[in-house]
Amino acid sequence: MSGPLQAPVAFGQRAVPRLVLELRDPGTVTRQRALAALCDLLHDPERTHQAVTHGCLEQLKVLLKDEDPLIRRKSTEVLHLLAAHNVGREAFLCCDVLSPLSELLDEPVEDCKRNVHRALNRLAHFPSGAAAMVALELVPRLVRKVSEEEDEEVRTLLLSTISQCVRVDGLAALACDAVSVLGQQLSQSSPHIRRAAAAALVGLSVPVEGKLKVCEGAVLPVLVCLLSDSDPGVQANAAGTIMNTAVITKGKLQSLAAGALVPLLSLVSSRERAVCVNALRALTSLAEAPSARLHLLEHLPQLRSRTGAGEEEIIRRAAETADLSGDLSEDLSGDLSEDQSGDQSEDLSEDRSEDLSGDLSEDRSEDLSGDLSEDRSEDRSEDQSGDLSGACLRTCLRTCLRTECPVLQLANQ
């Protein structure tokens with residue numbers, strides 16, 4: 001094969017084992033050529049399996065510390081290719097490649113550093129890889145790198161890796177003020193950076209600590225603005241963070257104060273599934289606030305338009321839940337107007353007690369025997385307690401619906 005960095009490659013099954021042996025050669029040029037040839041071959045899953053079984057990863061761990069920058073760059077490129085296949089990812093974790101690879105986060109060679117982040121990001125998209133990064137305490141280091149990194153691609157890869165790791169455990173990121181760092185990235189001109197930062201906030205806003213941090217960091221007004229972003233991914237992730245944060249009262253109030261209802265309602269008509277579903281779920285969470293319920297009453301036809309048989313099941317179910325919250329709000333608004341009509345509940349209680357006492361006196365005067373009067377008074381007392389129990393039950397139900405509706409809680413989950 002021609003080219004200064006191309007090694008002669010054997011045919012068939014002997015190609016990869018021969019190249020792995022050459023990675024141990026003391027000659028720098030020989031190692032460079034072997035790495036370049038492996039970069040060409042490892043796009044094939046079968047070749048990847050051969051490389052893993054013949055000890056390629058163990059030798060790559062040594063080459064990551066090589067003094068030659070080209071060898072380090074090619075070694076990280078090979079690792080990036082290996083991480084594309086399941087057998088390679090499993091070998092990553094078994095051979096503990098993460099530790100020496102993470103030492104190159106401060107690599108001065110840009111191409112090498114970019115390969116490092118590509119490999120980490122590819123590995124983080126799988127739960128076992130993300131869990132290994134969290135266990136290795138890489139997340140705080142990645143968060144600190146976000147603000148320092150100037151390269152757009154590397155910063156996007158950093159944010160994407162963080163978003164995958166916080167889905168496994170977001171507490172480590174929250175402890176190093178990740179919400180503030182991510183909030184600053186929401187205003188970047190690159191849609192890729194905005195999308196990745198908003199995706200990381202979706203994961204961070206799942207735990208209660210994250211919800212509170214989002215509220216304290218004044219991020220919700222920025223997220224409401226991103227609901228009108230031109231990128232559907234940014235819109236979906238912004239709506240998802242609002243959806244998670246609006247579960248707590250503070251998040252509801254801040255979202256409503258920032259004007260989230262109008263842009264969320266406009267996203268209900270989106271043909272992007274993630275955008276529509278997250279918007280509907282966010283509206284369902286916000287509908288627990290009385291002011292939001294009254295506003296949604298005017299838009300019930302829009303919510304019901306996404307419940308048709310032609311819609312995807314996930315969209316239809318989210319729309320039906322949001323529509324149900326609107327129906328409940330309509331019923332509750334009627335109950336509320338009844339409850340507020342001139343303290344009628346107190347007057348009604350007095351009228352009922354007077355009527356019941358009057359009826360009881362009449363019944364007692366009509367009784368012909370002491371036994372009969374006792375029986376009738378017992379019947380009257382049972383009827384009276386039944387009426388009062390029914391009134392208490394209705395009041396309790398109205399209170400539960402106004403505060404913690406089980407249907408709305410199910411939708412939030």
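Q: Is Glu-153 buried, exposed or partly exposed?
A: In this predicted model, Glu-153 is partly exposed, with a relative accessible area of 33%.

Q: Which residue does the side chain of Glu-153 meet in a salt bridge?
A: Side chains of opposite charge can pair when their charged atoms come close. Here the partner of Glu-153 is Arg-118, at 3.0 Å from N to O.

Q: Which residues are linked in a network of salt bridges?
A: The network links Asp-111, Arg-114, Arg-118, Asp-151 and Glu-153. One of its pairs is Asp-111 with Arg-114, whose side chains meet at 3.0 Å, N to O. Over the whole structure, a search finds 16 salt bridges.

Q: How are Asp-111 and Arg-114 placed in helix H8?
A: An α-helix has 3.6 residues a turn, so residues three or four places apart point the same way. Asp-111 and Arg-114 are three residues apart in H8, which spans residues 110-124, and this separates them by about one helical turn. Asp-111 is partly exposed, with a relative accessible area of 40%, whereas Arg-114 counts as buried at 14%.

Q: What does Glu-149 form a salt bridge with?
A: The partner is Lys-113, and the closest N and O atoms are 3.2 Å apart. This pair links distant parts of the chain, 36 residues apart: Lys-113 is in helix H8, while Glu-149 is in the loop between helix H10 (139-148) and helix H11 (152-168). Glu-149 counts as buried at 8% relative accessibility, and Lys-113 is buried with a relative accessible area of 10%.

Q: How many residues of H11 are buried?
A: The helix is mostly covered, with 13 of its 17 residues buried. From its first C-alpha to its last, H11 reaches 25 Å, close to the 24 Å expected at 1.5 Å a residue. At the start of H11, a side-chain oxygen of Asp-151 comes to within 3.1 Å of the backbone nitrogen of Glu-153.

Q: At what angle do H8 and helix H9 pack?
A: Two packed helices are described by the angle between their axes and the distance between the axes. For H8 and H9 (residues 127-135), the angle is about 115° and the axes are 6 Å apart. H8 makes the contact through Leu-120, Leu-123 and Ala-124, and H9 through Gly-129, Ala-130 and Met-133. By class, this contact has five nonpolar residues, one polar residue and no charged residues.

Q: Where does Ser-205 lie?
A: Ser-205 is in the loop between helix H14 (191-204) and helix H15 (208-216). Its relative accessible area is 0%, so Ser-205 is buried.

Q: What does the side chain of Ser-205 reach?
A: The side chain of Ser-205 reaches the backbone oxygen of Val-202 at 2.9 Å. Leaving aside neighbours within four places in sequence, Ser-205 is in contact with Gly-210, Lys-211, Val-214, Thr-241, Asn-244 and Thr-245.

Key
Residues are numbered from 1 along each chain as its sequence is written. This is a predicted model: local features need pLDDT of at least 70, side-chain atom pairs count only at pLDDT 80 or more; totals for chains, interfaces and linings use all residues. Side-chain values use heavy atoms; hydrogens and water are left out. A salt bridge is a side-chain nitrogen of Lys or Arg within 4 Å of a carboxyl oxygen of Asp or Glu. Helices (H or I, at least four residues) and strands (E, at least two) are DSSP runs, numbered from the N terminus. Buried means under 20% relative accessible area, exposed over 50%, partly exposed in between (1.4 Å probe, protein chains only). A polar contact is a pair of N or O atoms within 3.5 Å; within protein, one must be able to donate a hydrogen and the other to accept it, and residues adjacent in sequence count only if both atoms are side-chain atoms. Contact means heavy atoms within 4.5 Å. The expected span of a helix is 1.5 Å times one less than its number of residues. Axes are lines fitted to C-alpha atoms, for helices over the stretch in contact, and angles run from 0 to 180 degrees between N-to-C directions. Ala, Val, Leu, Ile, Met, Phe, Trp, Tyr, Cys and Pro count as nonpolar, Asp, Glu, Lys and Arg as charged, and the others, Gly among them, as polar.
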